[in-house]
Amino acid sequence: MYWDSKIETMEREELERLQYRLLKTLVYRLYSFSAFYHRRMEEAKVHPDDVKTLSDVTKLPFMFKRDLRDNYPDKLFMATQEDLVRYHVSSGTTGKPTVVGYTANDLEEWTVSLARALTSCGLGTKDVIQVSYGYGLFTGGLGLHYGAERIGATVIPTSVGGTERQIELMQDLGATAICCTPSYLLHMGEAAEKMGVSIKKDTKLKVGILGAEPWTAEMRTRIQDWLGIKAYDIYGTSELSGPLFTECTEQNGIHIWGDFAYTEIVDPKTGEHVGDGEKGELTMTILKKEALPIVRYRIGDITGMEHEVCACGRTHPRITRITGRVDDMLIIRGINVFPSQIEHTLMGIPEVGQHFQIVVDRKHELDALLVRVEVKPEAFSDKITDLMKIKEMVAHRLGAALTVNVDVELAEPGSLPRFEGKAKRVIDRRKM
Ligand code: DLL
C-alpha cells in the first residue's frame with residue numbers, strides 16, 4: 001500500500017501553492033543553468049521574476065518533440081553522466097529516437113508516482129503482478145516493475161512475447177494482475193483459449209493495468225466481461241519518464257499527481273487553454289525532473305481535464321481517456337476521422353470481434369477508407385446471406401458515425417494481425 005493522504009487529498013488551493021513553489025524553483029534553475037531554456041525564455045521575453053502566479057506559466061514557451069530530436073541524444077540534459085543512473089530510448093514512430101536520462105531522484109519520483117497509482121487500483125502486498133510490457137529501452141517494463149515492487153507486490157517480470165509461457169506462469173504463480181497493452185491482453189486471452197485455459201475461470205487474474213496505446217471504453221467493457229477482470233487505463237510517455245498515472249478503482253479518469261506534473265489542455269492550433277472538461281492537446285510541465293527537464297511539453301495526445309474531487313477522495317486533477325493524437329487524425333475527403341471513433345463504433349456491434357484494421361488509400365484521385373474487421377466465431381456461420389447482412393450493417397453504422405463512405409471487409413476470426421506491444425491498426429497507403 002502506498003497512500004500518501006497528506007499529498008493525495010490536499011485541498012486544491014494548497015496543491016496549487018505547492019505547484020507554484022516548485023514551478024518557480026524550476027524556472028530559476030532552467031534560466032540560470034540551461035542554455036536551451038535560457039535562450040527560449042529570452043526569445044519569449046520572459047524572466048523568472050515574471051512568473052508571479054501559477055497561471056503565469058502561460059508566459060513560458062512551449063516545448064515540442066522536435067526540440068528533443070534536434071538536441072539528440074543528450075544536449076538538453078542538465079545532469080552529467082556521473083549523475084545519471086539510466087537511459088531509456090523511445091523508438092518514435094517517425095524520425096530520430098528520443099533519449100531520456102534519469103538521475104536517482106528521477107527514478108525515485110517515477111517509482112513513487114506508479115506506486116501511488118497501483119495502490120489506487122486496489123493493488124498491494126497480496127498481489128502477484130505480471131509485467132508483460134517490454135523490458136529494455138521501452139519504459140513500460142522497468143517502470144511498472146519498480147512501481148509494483150514498491151507497493152510490496154510480487155512481480156513476475158515476463159516482458160513481452162512467449163505468450164504460451166506467459167499463460168502457464170500466470171496460472172502456476174497465481175498472477176492477480178497483469179500490466180500490458182490492451183491489444184496484447186486480447187492476444188493473450190485468445191492464446192489461452194487455444195490452450196484450453198479460460199482466464200476468467202482458470203486463473204486468479206482480477207486486474208489489468210492497460211495502456212501505452214489508445215483504447216476505447218467499449219473495448220474496456222469487452223475485456224472486462226470476457227476475462228472477468230477490472231481493466232484500468234494507464235498513461236505516460238517516455239519524455240515524462242514513462243508510465244506514470246492511472247485511473248483509480250472508480251474508473252473515472254486518470255489521476256495526474258499535481259505535485260509531480262502541472263497539466264494544461266490547449267487548443268492545438270492556437271495554444272490557448274480550453275475550458276474544464278473540453279478536449280484539447282495535453283501539455284505538461286514535470287515539476288521535479290532533474291536530468292531532462294520538461295516544460296510546457298506539447299505531447300500531442302487529445303484529452304480533457306477535470307478538477308472535481310474524485311469519489312475515492314483524491315483531489316488531484318484527472319484527465320479523460322485519450323481519444324487519439326493530434327497527428328493520428330485521418331483526413332478522408334476533407335473529413336476528420338479518428339481511429340478511436342472507428343473502434344468505438346465497431347465495439348458497439350455484438351457480431352464483430354475485437355480485431356480490426358484501417359486501410360486508407362487513394363482511388364481515382366479520391367481518398368478511400370476500408371475497415372477490415374473480424375467477425376465473432378459464432379457469427380461466422382456458413383450462411384453467406386447472414387455475413388452480407390452483417391457487412392452492410394457495419395458499413396452503415398460506420399458511415400453514419402464518421403459521415404464518410406466506408407468499405408467493409410469481414411475477416412475470419414483469428415486472421416488479422418495480433419500485437420505483443422503497441423498495436424498498428426492503421427495503414428495509410430497515401431503516405432507510402
Ligand atoms: O507508451 C509509456 C507507457 C508504458 C504508458 C506503459 C503506459 C503503459 P511512449 O512509447 O513514449 O511511452 O509512448 C507514449 O503512447 O503519447 C500516447 O500517444 C500513447 N499512450 C500511452 N498511454 C496511453 C493510453 C509509453 N493510456 C504515447 N491511452 C503517448 C492512449 C496512450 N494512448
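My entries below go from the sheet to a histidine and then to the ligand.

**Ground rules.** I am working with a predicted model, where local features need pLDDT of at least 70, side-chain atom pairs count only at pLDDT 80 or more, and totals for chains, interfaces and linings use all residues. I number residues from 1 along each chain as its sequence is written, and side-chain values use heavy atoms, with hydrogens and water left out.

**The sheet.** I took helices (H or I, at least four residues) and strands (E, at least two) as DSSP runs, numbered from the N terminus. Two strands pair if DSSP finds at least two bridges between them. On that basis I found an open, mixed sheet of six strands, ordered β4-β3-β5-β6-β7-β8. Its edges are β4 (154-156) and β8 (242-246); each has a single partner strand, so one side of each lacks a neighbour in the sheet. I noted an average twist of 30° from one strand to the next.

I then looked at β5 (residues 177-180) and β6 (residues 207-211), which run parallel and are joined by four bridges. A177 sits opposite V207 of β6.

Helix α5 (residues 104-120) lies across β6, β7 (230-237) and β8, at about 35° to β8. For such angles, axes are lines fitted to C-alpha atoms (for helices, over the stretch in contact), and values run from 0 to 180 degrees between N-to-C directions. Contact means heavy atoms within 4.5 Å.

**H316.** I found H316 in the loop between β13 (305-306) and β14 (318-319). Is H316 buried or exposed? H316 is buried, because its relative accessibility is 0%, and the cut-off for buried is under 20% (1.4 Å probe, protein chains only).

I checked its polar contacts, meaning pairs of N or O atoms within 3.5 Å; within protein, one must be able to donate a hydrogen and the other to accept it, and residues adjacent in sequence count only if both atoms are side-chain atoms. The H316 side chain has a polar atom 2.7 Å from the backbone oxygen of I7, and that side chain also reaches the backbone nitrogen of G258 at 2.7 Å.

**The ligand.** One oxygen atom of the ligand is 2.6 Å from an N or O atom in the D301 side chain, and a ligand nitrogen atom is 2.7 Å from a polar backbone atom of I234.

Definitions and conventions
Buried < 20%, exposed > 50% of the residue type's maximum accessible area, 1.4 Å probe, protein only.
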